[in-house]
Amino acid sequence: MIGTLNSDLWTKLSPVETCDLDQDEAPDLKGLFIDWIPKSENEQTFIRQAALVEHYVKTGIPVVIFDRYLAIENKEYNWLKKFNVTFFEPCVNNRSGFEWCPQWINPLEPDTISKDERSIGLAYEGDLDGKLKWFEKYYVTYAEMFPNCKTVYNSSLVDFKVDEYKNHNLIQVKEIDFRDVSATVVIGSYKDYSIGHIWNNLFDIMSQGCVPLLPIEHRFFIGLFDHLVVRDERDMDYFIDGTVKLRGVIIEEIYESALKRYPEFSIEYMINRLIKCLRI
């Protein structure tokens, strides 16, 4: 029996017998897959995760860890690598000791993307650590040049920056429902661009009908978003203005392109990798 922790992949591992450790105790296992949760995300989950990891690695069974948030520190890695552990991370230019493994894509449900016009033209949600330069290049400049397109963001910033951006028609909001948003620019930090790390929730956002625009700086993924690469606010205006009625088709094409050009994104590919690593 294979155990899974913090992941819904256990529902897709059939015909392999699996056990969801989010719910169950600590039974005897032949292998374990963990979608690693950092302490900063959920301290209670992290504590339980640490206890289960310590228990199972010491039994000698094969363990696969997917470091979704790039949160495993050197001291944790150096201890875990002493055991039968394989490390995955969603970075093309991955760390030593880790293998590239992108966030797998759940199939896009047919006819789920509304063709209705949306109340928000452009939106960004997430932290801005190391990303402020590109946030200002794409979001702030666009909001200033195209004030008739509602542009919003949900990020923590000091008050004077909030006021500055508001003067450029860029509004801070408490929450964003991407079912109301036409497009988002998938900005990153210098580190994200250099290691090939893209948003973990990108395909979830797309499944809500929001079109992703890829900044030219994200060099590792230009082949995936080749028709949606933007260099400046004028490129953005062209895509945002032209995707209202075509967003469903565009998003379907991205899904198809991802699975064709990057088979590593598919659930089947991921499960086959796990089967080999866990020696099922």
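Reader: What volume does the largest pocket have?
Author: This is a predicted model. The value for the largest pocket is computed from its atoms, and the volume is about 660 Å³.

Reader: Which residues lie closest to the centre of the largest pocket?
Author: The lining has 21 residues. They divide into eight nonpolar, six polar and seven charged. Closest to the centre are Tyr69, Asp127, Lys131, His197 and Asn200.

Reader: Which element gives the most to the lining of the largest pocket?
Author: Two elements give two or more residues: strand E7 (120-125) and helix H5 (190-195). The top contribution is three residues, and it comes from H5.

Reader: How many nonpolar residues are in the lining of the largest cavity?
Author: The largest cavity has a volume of about 100 Å³. Its lining includes Trp100, Trp199, Phe203, Phe221 and Phe265. Gln103 and Asn200 also line the cavity. By class there are two polar residues, no charged ones, and the nonpolar count is nine.

Reader: Are H3 and H4 roughly parallel or roughly antiparallel?
Author: The axes of H3 (residues 132-145) and H4 (residues 159-167) come within 12 Å and cross at roughly 20°. Angles under 35 degrees count as roughly parallel. Therefore H3 and H4 are roughly parallel.

Reader: Which residues of H4 meet H3?
Author: H3 passes H4 in a right-handed crossing. The contact has four nonpolar, no polar and three charged residues. From H3 come Leu132, Phe135, Glu136 and Val140. From H4 come Lys161, Glu164 and Tyr165.

Notes: Residues are numbered from 1 along each chain as its sequence is written. This is a predicted model: local features need pLDDT of at least 70, side-chain atom pairs count only at pLDDT 80 or more; totals for chains, interfaces and linings use all residues. Side-chain values use heavy atoms; hydrogens and water are left out. Axes are lines fitted to C-alpha atoms, for helices over the stretch in contact, and angles run from 0 to 180 degrees between N-to-C directions. Helices (H or I, at least four residues) and strands (E, at least two) are DSSP runs, numbered from the N terminus. Angles under 35 degrees count as roughly parallel, over 145 as roughly antiparallel, 65 to 115 as roughly perpendicular and the rest as oblique. A crossing is left-handed if the near helix is turned anticlockwise from the far one by less than a right angle, and right-handed if clockwise. Contact means heavy atoms within 4.5 Å. Ala, Val, Leu, Ile, Met, Phe, Trp, Tyr, Cys and Pro count as nonpolar, Asp, Glu, Lys and Arg as charged, and the others, Gly among them, as polar. On a 1 Å grid over the protein atoms alone, a cavity is a set of points where a 1.4 Å probe fits but cannot get out, and a pocket is an open set with protein on both sides within 12 Å along at least five of seven lines; lining residues have an atom within 4 Å of a point. Grid points are joined across faces, edges and corners, and a volume is the space filled by probe spheres set on the points.
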